[in-house]
Amino acid sequence: MLLFFFENFLITLIKFLGLILPLLIAVAYLTLMERKVIGSIQRRKGPNVVGVAGLLQPLADGLKLFLKETIIPSHANRILFLIAPALTFLLSLSSWAVIPFSENFVLSNINVGVLYVFAVSSLGVYGIIISGWSSNSKYAFLGSLRSAAQMISYEVSIGLIIISLLLCVGSLNLIDIVDAQKNSWFVFGLFPAFLMFFISALAETNRPPFDLPEAEAELVSGYNVEYSSMTFALFFLGEYSNIILMSSLTVIFFFGGWLPPFNFVGFYLIPGFFWFSIKVLFFLFVFIWVRASLPRYRYDQLMRLGWKVFLPISLGWVVFIAGFLFFLGQFPN
């Protein structure tokens with residue numbers, strides 16, 4: 001019995017490390033990709049000194065943050081101040097447990113995968129609120145309030161968008177959602193939902209043009225203004241992990257996950273993980289492209305878009321999809 005338990009634990013640990021270590025490397029090199037792409041858009045080179053073509057720049061940045069001194073403000077709540085970045089980072093990694101990279105490559109294939117992802121992602125607000133409050137700084141606290149309000153506002157519209165998609169599938173399992181797109185990707189039939197989901201994903205991850213929590217002009221740097229060294233790096237890693245997560249969910253929900261773009265026999269000979277990675281890389285590029293192209297929203301414009309535009313439209317979209325499926329006699333039981 002003890003040997004069986006140990007074997008299962010060892011297998012699970014190997015799977016976990018096989019998922020987390022490549023993810024951390026991907027997060028590190030996403031920062032290099034972002035600096036290179038923005039540099040190209042702005043007609044400059046970007047990082048090109050450390051290593052061949054700057055390929056060692058993320059490792060140098062990580063080493064620098066690791067060697068820096070961790071400074072804790074004198075009037076901060078020390079325990080909560082140190083717990084907040086660790087909580088944010090661990091929650092950003094926890095969501096990846098149910099993400100299917102291919103039909104047979106998923107850490108935990110549970111039947112409520114969608115519910116799990118959004119339950120874990122909604123807990124990320126606590127890490128941000130705790131960081132702002134425990135810093136005992138008005139700038140950090142205002143930044144955390146902004147970020148929490150923004151994330152909660154757009155989680156509502158994201159939830160309604162996903163409900164309309166789940167009505168078409170009839171399952172909360174992420175693999176079932178991909179399998180339902182074998183004949184046609186959902187982006188073609190649910191294109192308005194895809195647009196609202198992607199824009200909401202930008203706001204959910206605090207990315208430009210919705211990077212109001214980190215508005216340097218009025219809030220210095222946002223909720224992480226008092227953090228340094230590895231505590232700051234944990235916030236940074238969590239944010240970029242969430243960017244890759246939202247890109248992966250966009251691919252799974254609307255672009256067929258690991259399925260090839262056309263029903264061509266030769267495409268099915270290529271591993272599904274390759275197609276999944278190519279699609280995720282495309283959306284990561286779009287995230288960066290948007291940052292380099294669009295100016296920042298005002299906060300009142302951000303809230304108006306979430307509550308007065310996306311919320312009623314996504315709610316009406318759910319009613320429309322439900323009525324359409326009921327009319328066709330395909331409403332899920």
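1. How do the residues of the lining of the largest pocket divide into nonpolar, polar and charged? There are 18 nonpolar, 5 polar and 12 charged (Ala, Val, Leu, Ile, Met, Phe, Trp, Tyr, Cys and Pro count as nonpolar, Asp, Glu, Lys and Arg as charged, and the others, Gly among them, as polar).

2. The model is predicted, with local features needing pLDDT of at least 70 and side-chain atom pairs pLDDT 80 or more, while totals for chains, interfaces and linings use all residues. Numbering runs from 1 along each chain as its sequence is written, and side-chain values use heavy atoms, without hydrogens and water.

3. The largest pocket holds about 940 Å³ of space. Its lining has 35 residues, of which T31, L65, F232, F236 and Y240 are the closest to the centre. A pocket is an open set of points on a 1 Å grid over the protein atoms alone, where a 1.4 Å probe fits, with protein on both sides within 12 Å along at least five of seven lines; lining residues have an atom within 4 Å of a point. Grid points are joined across faces, edges and corners, and a volume is the space filled by probe spheres set on the points.

4. For the second largest pocket the volume is about 380 Å³. A26, F101, I244, F273 and S277 are the closest to its centre among 19 lining residues. By class, this lining has 16 nonpolar, 3 polar and no charged residues. Helix α1 gives the most, with 8 residues (helices are DSSP runs of H or I, at least four residues, numbered from the N terminus).

Notes:
Helix = DSSP H or I, 4+ residues; strand = E, 2+ residues; numbered from the N terminus.
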